[in-house]
Amino acid sequence: MVEMLTNHQTQPRPPMWFMRQAGRYLPEYRKIRSDVPNFLSLCYTPDLAAEVTLQPIRRFDLDAAIVFADILLIPDALGQTVTYVEGEGPRLAPVVRSISDVERLQRRGVSDHLKPVYSTLSQVRSSLPSDKTLIGFAGAPWTVAVYMVEGGSSSQFMAARSWSASRPDEFAELIELLVVATIDYVDQQVAAGADVIQLFDTWAGLLPPPGFQRWCVEPVAKIVRGLRVRHPDIPVIAFPRGAGTMLHKYDQATGVNGISLDPTITPEWACEVLGRSTVLQGNLDPAVLVAGGEVLEQEAHRILEAFAATPHVFNLGHGIVPETPPDNVAQLSEIVRSWQRSGR
Ligand code: CP3
């Protein structure tokens with residue numbers, strides 16, 4: 001997968017991993033999760049985090065492991081209190097809604113706070129077969145900021161959207177702080193053994209084109225440039241979910257090696273517009289993975305065939321959901337493993 005991303009080469013079959021491949025849909029994850037007091041203590045205990053990172057690799061023989069952590073560890077390291085409420089998602093307090101709230105965040109010690117994640121990476125690297133890729137990750141600044149401003153998940157994320165539109169120079173202070181923290185975080189992840197970095201911009205699709213340019217494109221471009229000062233060859237994949245036709249400019253302006261596509265993007269469009277310069281990752285609908293059976297077979301083949309001529313990493317268009325039957329993930333990994341490019 002690393003050579004594919006670095007040299008833009010196709011392989012006999014696409015490498016595969018699945019966003020959110022570790023987690024509650026796996027009984028072996030739920031077992032470990034039930035033994036820790038809360039989700040963050042799982043993220044901050046390298047032995048356990050390394051174990052749950054490896055669970056889906058053992059079960060499905062996937063081509064890449066993604067370190068078990070969360071995009072909200074950065075706000076936690078910056079001094080917001082982050083908790084995960086069963087059935088409701090994350091809660092962050094106090095919310096960040098003004099310049100003085102930004103100034104109150106703890107800029108120092110962020111990297112020390114995140115040391116357990118680097119230990120998880122080095123532990124996973126030492127037990128992962130050398131032909132498997134180890135992926136490190138972070139949230140992109142816009143997506144992390146929307147959780148920090150909103151205080152959790154939300155249907156509209158209106159507080160963040162209106163702040164970024166009405167007082168952009170203030171909001172820029174928060175984004176800039178996240179850019180700096182994220183460069184250091186991903187830099188240390190690479191030093192600890194990550195082969196590839198994935199940046200999750202789950203809420204990129206909330207922004208109109210000028211906001212998308214300022215809050216998604218420019219910060220990610222800065223992170224890529226900052227990371228490459230110390231690690232010039234490290235491949236980066238970005239997931240600007242919901243970016244639609246703005247993906248074209250995003251690809252050119254950020255300098256990423258790969259783009260993770262959400263399920264709404266047609267492979268033909270992506271191959272035509274992005275495929276010559278970028279590795280394409282995606283984009284099976286997670287609901288089809290819940291469905292399984294014949295529809296999964298058809299959809300997986302549609303995607304495999306449509307991306308056959310371009311360097312492609314098989315993945316979902318968003319994360320695996322907790323109600324996914326593990327047998328369907330086994331079915332999908334078999335489909336991808338046994339697929340052969342026809343006539344090429
Ligand atoms: O295999 C993996 O991908 C595991 C590592 C991982 C987690 N979160 C573990 C997790 C990764 C890569 C993430 C990314 C993440 N976290 C994103 C971006 C990708 C996406 O899905 O859009 C976002 C937006 C978050 C923030 C987050 N973390 C939310 C909204 C929630 C609650 C709802 C949910 O999806 O579960 C979390 C909690 C979380 N992160 C869990 C896991 C396994 C479940 C918590 C638990 O076990 O109690």
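Ring pairs join Y29, F39, F68 and Y84 into a cluster in this predicted model. Rings of Phe, Tyr and Trp (its six-membered ring) are paired if their centres lie within 6.5 Å; planes under 30 degrees apart are stacked, those over 60 edge-to-face and the rest tilted. Twelve aromatic pairs are present in the structure. One of them, F39 with Y84, is edge-to-face, at 4.6 Å centre to centre and 70° between the planes. Because F39 belongs to helix α3 (residues 39-43) and Y84 to strand β2 (residues 81-85), this pair ties together parts 45 residues apart in sequence. Helices (H or I, at least four residues) and strands (E, at least two) are DSSP runs, numbered from the N terminus. F39 is buried, at 11% relative accessible area, whereas Y84 is partly exposed, at 24% (buried, under 20% relative accessible area; exposed, over 50%; partly exposed, in between; 1.4 Å probe, protein chains only).

The F200 and F239 rings are also edge-to-face, since their centres are 6.4 Å apart and their planes stand at 90°. F200 is in strand β5 (residues 196-201) and F239 in strand β6 (residues 236-240), so the pair links parts 39 residues apart in sequence. F200 is buried, with 11% relative accessibility, and F239 is buried at 0%.

The charged end of R241 sits over the ring of W203, 4.8 Å from its centre; this term requires NZ of Lys or CZ of Arg within 6 Å of the ring centre and within 35 degrees of the ring normal.

Residues are numbered from 1 along each chain as its sequence is written, and side-chain values use heavy atoms, without hydrogens or water. Local features need pLDDT of at least 70 and side-chain atom pairs count only at pLDDT 80 or more, while totals for chains, interfaces and linings use all residues.
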